[in-house]
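Please read the following report with the model open beside it.

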Amino acid sequence: MDTPVDLRSDTVTRPTDAMREAIAKAEVGDDVFGEDPTVNELQRRVAQMVNKEAALFVPSGTMANLLAIKAQAQPADTVILHVDSHPFNYESGGMAMIAGVMTKTLGGDYGILSPESVQSALCLNPDHHYSPTSLITIENTTNRGGGAIYPIETITEIGRIARENGLKLHCDGARIFNAVVESGVPVDGYASHCDTISFCFSKGLGTPVGSILAGPLETIDLAHRYRKMFGGGMRQAGILAAAALYALDNHVGRLKDDHRRAREFRTTLEGVDGIEFPLPSPTNIVYLKVRDAMEFIGHLAERGVLALPLSRSRVRFVFNLNVDDNGLERAIEAVRRAAHAVARKDSQRAQLS
Ligand code: TLP
């Protein structure tokens with residue numbers, strides 16, 4: 001049996017041989033003492049890339065978001081974020097338990113906040129009945145929004161609202177390079193409107209572990225303290241930072257291949273009975289709407305293709321470094337056959353009733 005085509009997430013990638021070589025050769029030291037030269041090099045390089053004073057290497061995207069929130073909002077302050085955002089849905093409530101913040105969740109197409117809704121959701125009333133807004137967080141690209149890219153004008157406008165009202169803006173850029181390669185907006189272009197920005201190396205960039213948070217020196221220093229407090233101080237983390245540096249040099253441009261495959265997957269399957277594409281798919285994430293997500297992924301798995309059920313009727317496919325054109329063909333064929341299998345079963349059921 002062939003190895004499965006794993007489209008559950010872009011987190012499932014395994015390091016390439018060349019990345020493993022970079023890991024093997026990494027110079028390391030104790031990063032809790034600030035002595036790991038490879039971690040230091042990565043932090044310096046990322047800070048420069050996004051044009052921020054400092055950057056901090058962290059174990060996960062979840063920790064990067066949590067540190068950004070904890071360092072920029074006081075307990076009982078309000079954080080504005082999208083109802084489909086990652087911290088609100090998939091970070092185990094960490095922002096409530098650890099940062100102790102209130103959330104004001106807003107809607108918006110494809111996981112994107114509109115400046116108008118942000119403006120009208122701000123709580124600036126000094127009356128002590130209220131919980132003041134201190135932070136806005138956005139997600140670029142959006143995960144539950146189907147890999148949508150924030151228009152730069154929208155970020156510019158939200159950044160302006162934040163600045164004018166003395167608030168901070170954090171960008172969860174877990175997949176920021178997917179936005180960069182597709183839109184042509186440079187990463188520092190997106191970052192320039194935000195106080196802090198985080199991104200993940202362990203998604204489309206294909207490293208085993210690691211994310212990074214960048215921002216002003218003072219904020220990153222505070223985040224550094226919280227990272228230690230939360231048990232995220234890593235020692236010879238240079239082996240992970242080496243993978244991240246390798247990925248920045250070698251895996252950014254190729255994200256376009258993931259986007260091309262996502263597009264081809266979608267255009268080839270559009271019109272197949274029993275499936276719908278509920279969202280646009282401008283980057284590497286494709287959502288399928290089916291009658292029963294669990295049943296559908298069962299049929300796919302029988303055909304050697306793994307996808308993630310994200311609701312009762314939604315199945316997510318994320319194109320990634322480990323899925324080549326052959327994997328794409330296998331995925332297309334598996335979806336087609338799964339849709340036929342469901343339709344066959346339905347018609348048998350209908351005949352029986
Ligand atoms: N997302 C994962 C799951 O948690 C859902 C995935 O498979 O997509 N921000 C965004 C936008 C993310 O999509 C993720 C991971 C994170 C943050 C958290 O990153 P990790 O998994 O490193 O904590």
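## Basis of the values

This is a predicted model, in which local features need pLDDT of at least 70 and side-chain atom pairs count only at pLDDT 80 or more, whereas totals for chains, interfaces and linings use all residues. Residues are numbered from 1 along each chain as its sequence is written, and side-chain values use heavy atoms, with hydrogens and water left out.

## Aromatic pairs

Rings of Phe, Tyr and Trp (the six-membered ring of Trp) are paired if their centres lie within 6.5 Å, and a pair is called stacked with planes under 30 degrees apart, edge-to-face over 60 degrees and tilted for the rest. By this rule the count comes to six aromatic pairs. One of them joins Phe-177 and Phe-199 in an edge-to-face arrangement, with 5.0 Å centre to centre and 80 degrees between the planes. Because Phe-177 lies in helix H8 (residues 176-183) and Phe-199 in strand S7 (residues 196-200), the pair ties together parts that are 22 residues apart in sequence; helices (H or I, at least four residues) and strands (E, at least two) are DSSP runs, numbered from the N terminus.

Both Phe-177 and Phe-199 are buried, a term for under 20% relative accessible area, with exposed meaning over 50% and partly exposed in between (1.4 Å probe, protein chains only). Tyr-226 and Phe-230 form a stacked pair, 6.0 Å centre to centre with 10 degrees between the planes. Tyr-226 counts as buried at 12% relative accessibility, while Phe-230, at 26%, counts as partly exposed. Ring pairs also link Phe-57, Phe-177, Phe-199 and Phe-201 into a cluster.

## Surroundings of the ligand

The ligand is surrounded by 15 residues, of which the closest are Ser-9, Gly-61, Thr-62, His-86 and Asp-172; a residue is taken as near if one of its heavy atoms lies within 4 Å. Helix H3 (61-72) and helix H4 (86-90) each supply at least two residues of this shell, and H3 gives the largest share, three residues. The shell divides into two nonpolar, seven polar and six charged residues.

An N or O atom in the side chain of His-86 is 2.8 Å from an oxygen atom of the ligand. For Lys-203, a polar side-chain atom lies 2.9 Å from a ligand oxygen atom, and a polar side-chain atom of Arg-316 likewise lies 2.9 Å from an oxygen atom of the ligand. Taken alone the ligand exposes 510 Å², and the protein buries 83% of that, with accessible areas from the Shrake-Rupley method and a 1.4 Å probe.

Note on methods
A polar contact is a pair of N or O atoms within 3.5 Å; within protein, one must be able to donate a hydrogen and the other to accept it, and residues adjacent in sequence count only if both atoms are side-chain atoms. Ala, Val, Leu, Ile, Met, Phe, Trp, Tyr, Cys and Pro count as nonpolar, Asp, Glu, Lys and Arg as charged, and the others, Gly among them, as polar.
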